[in-house]
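Here is a short tour of the model on your screen, arranged by topic so that you can follow along in your viewer.

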Amino acid sequence: MEQKIPYKIYLAENEIPTQWYNVRADMKVKPAPLINPATLKPLTEADLAPIFCNELNKQELDNDTRYFDIPKEIVDFYKMYRPSPLVRAYFLEEALGTPAHIYYKFEGNNTSGSHKLNSAIAQAYYAKKQGLKGVTTETGAGQWGTALSMACSYFGLDCQVYMVKCSYEQKPFRREVMRTYGAKITPSPSDTTNVGRKILAEFPGTTGSLGCAISEAVESALSQEGYRYVLGSVLNQVLLHQTIIGLETQAACKKYDIKPDIIIGCAGGGSNLGGLATPFIGEMLRGEAEYKVIAVEPASCPSFTRGKFAYDFCDTGMICPLAKMYTLGSQFIPSASHAGGLRFHGMSTVLSQLYHDGLFEARSVEQTEVFEAAVQFARVEGILPAPESSHAIRAAIDEALKCKETGEAKNIVFGLTGTGYFDLYAYQKFNDGTMGDYIPTDAEIAESLAKLPKVE
């Protein structure tokens, strides 16, 4: 029987968006500014200049410009793997026996294997344009480090990556891809930086966290002439670049007259969820449409669902600016048994404010439930999903089963923003039945939150 909606919906090359969308322009309550921890004053472009690239600083602080033109060099690079398909999950729908229509925006069709390349190439471009020698960064599961190493190789930049130690040990092939593209990889925390040595002394034997790796990467950038720090999530500039995902999804839906009812993204620092959802949330803010937007985070690192909306350091070493966000405290270090990425203690200031204002809901899911959904998806849809994206798959399946109970044929759209072929250590643990769930206690979270900086 002929299907009205194709299995894969592609845009034409000339339909790739040529602008990024800045949701802050439509927000009635703007996200609180980054502040200097020493002066408690909002940061300026001059303050940020030693840390980030100049053009990225402008994007970071701009709350008013709705659309930013994408430079031609970046658009041309995007054409190597964009537009990415919006896929109708017919086989998953059939397996679930649901009347719901399930769609996923698939961002894994590039060598880095994830959506992270959308921002990595932009940040590398601006670094090259500024005449820098190289950049430093951190990576958790390794997707961002892989994407940045590829982007830096393209522009001839040195790339130094501090990789969370447990991921460094669990994912040797991910780091080999980075090395293939010329990046230098250091397990974090390390003894190569002052802050790394301090963290090792305070937390001997620690398996690391994104907060630790951020501290080391920032220190490394500040100590080398001609280098700047770049980040793969959380920051306003990153969410801006990632809106290419949501804008393409909107265009594909319009092309086939699909009205999403539910939009789902996994949430760690914000790039996944923000990239897909903020163009749709913008419609909500402008009064043009209504959607149910769901952020899905790991129960082992539940920033939205159990964190506090407050100013906090973005890094464990407490050398970075303060951001007002949903946070578990900068001293919170997720359990090493957590294999699904999404390991940051806080959340994007933009998404934090939108969540605080009730624009979307959040839920946390346990690791074994996530991998059950990932395996089910892989068996029927033919893609081995990244553990991060599998949090969104879990929620999409749950919502589709609710539709089965009610008989409602809702349109569910979720972000499948990466493949899991470098995450086989985690899949092995799940398949062997040795994977467990770790949920931090109230006391553990309270202990970390008690160390929040005192900001009025």
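Counting Lys or Arg side-chain nitrogens within 4 Å of an Asp or Glu carboxyl oxygen gives 19 salt bridges. Please keep in mind that this is a predicted model. The points below look at some of the pairs, strands and cores one by one.

**Salt bridges**

- K79 and E13 form a salt bridge through their side chains, with an N to O distance of 3.8 Å. This pair ties together distant parts of the chain, 66 residues apart: K79 sits in the loop between α3 (72-78) and β4 (86-88), and E13 in the loop between β1 (8-9) and β2 (19-21).
- K79 is partly exposed, at a relative accessible area of 34%.
- K58 and E55 also meet in a salt bridge, at 4.0 Å from N to O. Both belong to helix α2 (residues 54-61), where a spacing of three residues puts about one helical turn between them.
- R363 and E361 are joined by a salt bridge of 3.2 Å, N to O. How do the two partners sit relative to the surface, buried or partly exposed? R363 is buried, with a relative accessible area of 18%, whereas E361 is partly exposed at 32%.
- R363 and E361 are also part of a salt-bridge network, together with K292, E399 and K402.

**Cysteines**

**A four-stranded parallel sheet**

- Four strands make up an open sheet with parallel pairing, in the order β8-β7-β6-β9. At its edges are β8 (184-188) and β9 (227-229), each of which pairs on one side only.
- On average, neighbouring strands in this sheet are turned by 20 degrees against each other, direction ignored.
- Strands β6 (residues 134-139) and β7 (residues 158-164) run parallel and are joined by six bridges. In one of these, G134 has D158 of β7 as its bridge partner.
- Helix α6 (residues 143-155) lies across β6 and β7, and runs at about 165 degrees to β6.
- Helix α10 (residues 210-222) packs on the sheet too, where it touches β6, β7, β8 and β9. The direction of α10 makes about 170 degrees with that of β6.

- How many of the five residues of β10 (residues 262-266) are buried? Five of the five are, leaving this strand mostly covered.
- The cover extends to both faces of β10: I262, I264 and C266 are buried on one side, and I263 and G265 on the other.
- β10 runs parallel to strand β11 (residues 292-298), and five bridges join the two. One example is I264, whose bridge partner in β11 is I294.

**Nonpolar cores**

- The largest nonpolar core holds 68 residues, and the members touching the most other members are W20, L273, I281, V293, F304, L354 and F360. Helix α5 (residues 117-129) supplies the largest share of this core, with eight residues.
- Leaving aside residues up to four places away in sequence, F304 touches A267, L273, A295, E297, Y326, M347, L351, S352, Y355, F360 and A362.
- Another core, of 34 residues, lies apart from the largest one, and its members include A100, A400, L416 and Y427.

How values were computed. Residues numbered from 1 in each chain as written. Predicted model: local features only at pLDDT ≥ 70, side-chain atom pairs only at ≥ 80, totals over all residues. Heavy atoms only, no water. Buried < 20%, exposed > 50% of the residue type's maximum accessible area, 1.4 Å probe, protein only. Pairing = 2+ DSSP bridges. Axes fitted to C-alpha atoms, helices over the stretch in contact; angles between N-to-C directions. Contact = heavy atoms within 4.5 Å. Core = buried A, V, L, I, M, F, W, Y, C linked by side-chain atoms within 4.5 Å.
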